[in-house]
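Let's walk through this structure together, starting with one chain and then turning to how the chains meet.

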There are 2 protein chains.
Amino acid sequence: MQPNKRYLFTPGPAPVPPEVLLEMARPIIHHRTPEFSAALDQARERLKPLFGTRSEIILLAASGTGAMEAAVNNLLDPGDAAVFVNGGKFGERWGRLLKAYGMVGHEIRVEWGRAVRPEQIEQALRDHPETRAVFVQASETSTCAVHPVAEIAAITRRRDTLLVADGITSVGVFEQRMDDWGVDALVAGSQKALMLPPGLAMIALSERALERAGKSRAPRFYFDLPRELRLQREEHTTAWTAAVSLVLGLNKALELIHDETLPRVFRRHALMAEATRAAAPALGLKLLAPENPAPGVTGILVPEKVDGSKVVRSMRDRLGVGVQGGQDQMKGRLVRIGHMGYVSPFDMLIAVGALEIALKEQGFHFTMGAGVAAVQEHIARDAAS
Amino acid sequence: MQPNKRYLFTPGPAPVPPEVLLEMARPIIHHRTPEFSAALDQARERLKPLFGTRSEIILLAASGTGAMEAAVNNLLDPGDAAVFVNGGKFGERWGRLLKAYGMVGHEIRVEWGRAVRPEQIEQALRDHPETRAVFVQASETSTCAVHPVAEIAAITRRRDTLLVADGITSVGVFEQRMDDWGVDALVAGSQKALMLPPGLAMIALSERALERAGKSRAPRFYFDLPRELRLQREEHTTAWTAAVSLVLGLNKALELIHDETLPRVFRRHALMAEATRAAAPALGLKLLAPENPAPGVTGILVPEKVDGSKVVRSMRDRLGVGVQGGQDQMKGRLVRIGHMGYVSPFDMLIAVGALEIALKEQGFHFTMGAGVAAVQEHIARDAAS
């Protein structure tokens, strides 16, 4: 079977709604016009509740890694000490970024699938009192786990230590309360819950982070946050040529999100995550992050004797249902099912249904349909509530 | 009159063909799939003749400035000496980039609208024999002028000095012979002759530039060219999440370009430029760059007593014909008409026709229609040839 209709349940890029695709397919406009400025202003304003901040959101023409880089070289000087949580591929990236810019990165290594414990942050800050910033993932996409950002912020906000959180698979997925928690920088990307193609990154800075950014001596040009903020706030345009169609699409996507209302968006993501997670035990499988699972992506461990890469390839290439495997140490051992943005709980019947078929092909024994039934049960319970 | 149909003759973003808009409006795909890899490979291959190189083209999810930054921090070490030609806003940007990354930039200042003379390069390299690279614009978009890249390359290729050219409004507009001339790095952007929305940048490196990039000690992460090249060549994907829809759109745009054939594309751009330039004297106006005009954008000086900003605003907001004014020192003194990519010579009847109407409104005296007639005459002559 090579189906004509295909599904995308990868943890980014995630599906883009037709309304957004059509908005982006309109004739292009110039980035220094009143029309573009109006869309930019509106999109930046509409983003604030998703970040949980009254601060200005800064848009960058880049993928999420660009905004991660901006957090590093705008908030720290070369030689500055930082603590970073390495509990997956994206946590590791903080370490590589810090190294690239000559900062001293103190690593807190966390087993894949686990959350960092706030005591570990406390301890690291005691060991390295000169630490200027802590870097963490609000949601670690590679392990499908969340870290306790609010608790970490409760530690950093009492000190002269900034907290930088990667919210690429968190913003728009579950509630972020940047201001209330005391997060100093929150990073997002377009291709997840914001329902856009990749190519647009966002970052919001707290007041003290912005002050630090104004003094940073690390080299930067394309990702110069104080400059971008000034231009976006005062001139209603971007420093460099904006990713025009993505900004217009973002504004449309945010209109859809606010039409649905944020509480419902968050509840939908929670339901999709719970339903998908429930499929694992029903199939006799385990989750990679059972204690602190991410609401945007679910990581299911494949059985010992099954090659996860084959499962993923079969789902994608033969069944037309795109999911992702594990990265690095989890290669071949994990199936990651994304449920972010333009995805409905019913879609998880398809994701889990295809997973079952691919597992059966690989010789794994279970009751076909048990996972799908678990998903369905969760949807039914929610519908009745 | 507030027309329903609007035109975009800005020097980027330039119009995007419907075929490309529709290609980008297809359901999004993941960037680590055979389907995306095939499009990436094909687009990178199809770009080579536009750059005039057998080298690999590297794609970056950024606007053109990102690729300019990549040229600086991948090819030079902090403290290295460089010569840059500052004959406009983008030449000035080379200087700011060099400064941001701690290089020593020796400026060759050129009057706006003029071309740098090869002797000036020779002299600068005599004055600063330690120079590791020369930075120049193949086409300086702010002044609508070209610099003699081939002649400059004839100087740099004999030495251990790299030549970096900004081809953002040159690639796909007129012939670039990177390999034959001996250009070491050529930068391009998506939103000009490549007929795409902004958000994708490209750079090609000569063999010696690539070798230098492998050794550079300047800080970089998002714009790490050796890493990107390795992944794009060997893994058929990008280091960071690709701007998927722009890459698919690029491949489509390049298909259109090669269907038209490159010689015809270049000839069409030359005709549009000649026809647009001819309108200036017909209206009693002067060009900013009469001796070395750019084939992608024409800069017409507005008469002394006319406020060019009003002309541009009237054309854009009242007549629906988007053009750009001057930047910095040319603010209010220049009208820039872009003719790149998805534009036909007949479109210049509209651009010049609207310019005439806006000039008349501002009280400038001339024979209405004289500029339009000059455009028409050039098209007729070309059609008859």
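## From one chain to the pair

In this predicted model, chain A is built from 14 helices and 15 strands. Its radius of gyration is 21 Å, close to the 21 Å that the globule rule gives for 385 residues, so chain A is as compact as a globular protein of that length. Of the 385 residues in chain A, 60% are buried. Contacts between residues 24 or more positions apart make up 72% of those in chain A with a separation of 6 or more.

Now bring in chain B. Two copies of a chain are related by a rotation about an axis and a shift along it. Here, chain B is superposed on chain A by a rotation of 180° with 0.0 Å of shift along the axis, at an RMSD of 0.0 Å. That is the relation of a two-fold axis. The C-alpha of B:Ala62 is the one in chain B nearest the axis, 2.5 Å from it.

What does each chain bring to the contact? Chain B gives 44 residues and chain A gives 44 residues. On the side of chain B that touches chain A, the elements giving two or more residues are helices H1 (18-24), H3 (64-75), H4 (89-100) and H10 (244-260) of chain B. H3(B) supplies the largest share, 4 residues. By class, this side of chain B has 25 nonpolar, 15 polar and 4 charged residues. Finally, 100% of the interface residues of chain B are also interface residues in chain A, so the copies meet through the same surface.

Note on methods:
Residues are numbered from 1 along each chain as its sequence is written. Chains are lettered from A and ligands numbered from 1 in the order in which they are written. This is a predicted model: local features need pLDDT of at least 70, side-chain atom pairs count only at pLDDT 80 or more; totals for chains, interfaces and linings use all residues. Two residues are in contact if their C-beta atoms, placed from the backbone, lie within 7 Å. Ala, Val, Leu, Ile, Met, Phe, Trp, Tyr, Cys and Pro count as nonpolar, Asp, Glu, Lys and Arg as charged, and the others, Gly among them, as polar. Copies are superposed by least squares on the C-alpha atoms of residues with pLDDT of at least 70 in both. The radius of gyration is taken over C-alpha atoms; the globule rule is 2.2 Å times the number of residues to the power 0.38. A residue is buried if 20 or more other C-beta atoms lie within 10 Å of its own, exposed if 12 or fewer, and partly exposed in between; C-beta atoms are placed from the backbone.
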